[in-house]
Amino acid sequence: MESVFSFGRLCCLCLVMQVLLRDPMDDDVVPIVEELRRRLPQVSAAEQGQGKEEACAQDGEGGEENEFPFEIRALEALFEAICSFLDARTRELETSAYPALDELISKISSRNLDRVRKLKCAMTRLTIRVQKIRDELESLLDDDDDMADLYLSRKLDASSSPTSSSDAPYWLYGSPNTGSKRHKSSRVSGTTVQRENDVEELEMLLEAYFMQIDGTLNKLATLREYIDDTEDYINIQNLNTPLIA
């Protein structure tokens, strides 16, 4: 049981109780590793031998299970780290780009043109990365089955349910009767309700990150418009030197 997410240089493999990252020492991946470590304390060897509910961190004095299972909390930490990282890079770019564009308008020079060319290239690369995350979130939100499949622990529980062993309840075998049908119907109904609840909760979580990354993309779109306006101004000044060669 696993979920795989790939965002450019970041490739993440999420298991029921483990998260694997490719190139964890990469500069762009380190912040994500730190966020995962902060949000997902390592499970001790003693806890690994316990059940899912016991192995996950407990909340409150009553020892209630966390709202989400491990793999969903890992997914939450992953998107939190990615969205925050990309938004921080966008704000850094804005801090450099807007003054550079204003300076270029006030004084058109080779130095200022070269500076804006580099900033525009950086903006294009960053926009591609942000767009990819947005598309991934949108794709998940558009498909309830995909969201349900992210609950790896549910699928693991279902696959480990007794179906043919001698320990299975007697009603799985003999001739169908009213009681067995009612029991099976109850199990199916319970599973359906659980699935719907899982999808609804995950949808609310993913929508929050979708709004965040969509806001980041809007910042980049506004910056692109400002760059385009600057290019138009330069062309009006009869300078036939584009910002990007």
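The buried residues of helix H1 pack against strand S2 (10-14), strand S3 (19-21) and helix H4 (70-106), where contact means heavy atoms within 4.5 Å. Helices (H or I, at least four residues) and strands (E, at least two) are DSSP runs, numbered from the N terminus. The model is a predicted one, in which local features need pLDDT of at least 70 and side-chain atom pairs count only at pLDDT 80 or more, whereas totals for chains, interfaces and linings use all residues. Residues are numbered from 1 along each chain as its sequence is written, and side-chain values use heavy atoms, with hydrogens and water left out.

In helix H1, which spans residues 30-39, the buried residues are Ile32, Val33, Glu35 and Leu36. Because these residues cover an arc of only 165° around the axis, they lie on the same side of H1; the arc is that of the directions from the helix axis to the C-beta atoms. Glu34, Arg37 and Arg38, on the other side of H1, are exposed. Here, buried means under 20% relative accessible area, exposed means over 50%, and partly exposed lies in between (1.4 Å probe, protein chains only).

In soluble globular proteins, nonpolar side chains tend to be buried together. The largest nonpolar core of this model holds 54 residues, of which Leu21, Ile32, Phe79, Leu86, Leu137, Leu202 and Leu206 touch the most other members. At least two residues of this core are supplied by each of S2, H1, H4, H5, helix H6 (144-149) and H8, and the largest share, 17 residues, comes from H4. A nonpolar core is a set of buried Ala, Val, Leu, Ile, Met, Phe, Trp, Tyr and Cys residues joined through side-chain atoms within 4.5 Å. When residues up to four places away in sequence are not counted, Leu21 touches Leu10, Cys11, Cys12, Val29, Ile32, Val33 and Leu36.

Side chains of opposite charge can pair when their charged atoms come close. A search of the whole structure finds 10 salt bridges, each defined as a side-chain nitrogen of Lys or Arg within 4 Å of a carboxyl oxygen of Asp or Glu. One of them joins Asp114 and Lys118 (3.5 Å, N to O), and because these residues are 4 residues apart in helix H5 (residues 110-141), they are separated by about one helical turn. Asp114 is partly exposed, with a relative accessible area of 33%, while Lys118, at 55%, counts as exposed.

Also in helix H5, Glu138 and Arg134 lie 4 residues apart, about one turn of the helix, and their side chains meet in a salt bridge (3.4 Å, N to O). Arg134 counts as buried at 17% relative accessibility, whereas Glu138, at 32%, counts as partly exposed. Arg134 also forms a salt bridge with Asp214, the closest N and O atoms being 2.7 Å apart. This pair links distant parts of the chain, since Asp214 lies in helix H8 and Arg134 in helix H5, 80 residues apart. Asp214, at 21% relative accessibility, counts as partly exposed. Elsewhere, Asp87, Arg91 and Lys219 are linked in a network of salt bridges.

Glu231, placed in helix H8 (residues 178-236), counts as buried at 19% relative accessibility. The side chains of Glu231 and Lys120 are joined by a polar contact of 2.9 Å, a term for a pair of N or O atoms within 3.5 Å; within protein, one must be able to donate a hydrogen and the other to accept it, and residues adjacent in sequence count only if both atoms are side-chain atoms.
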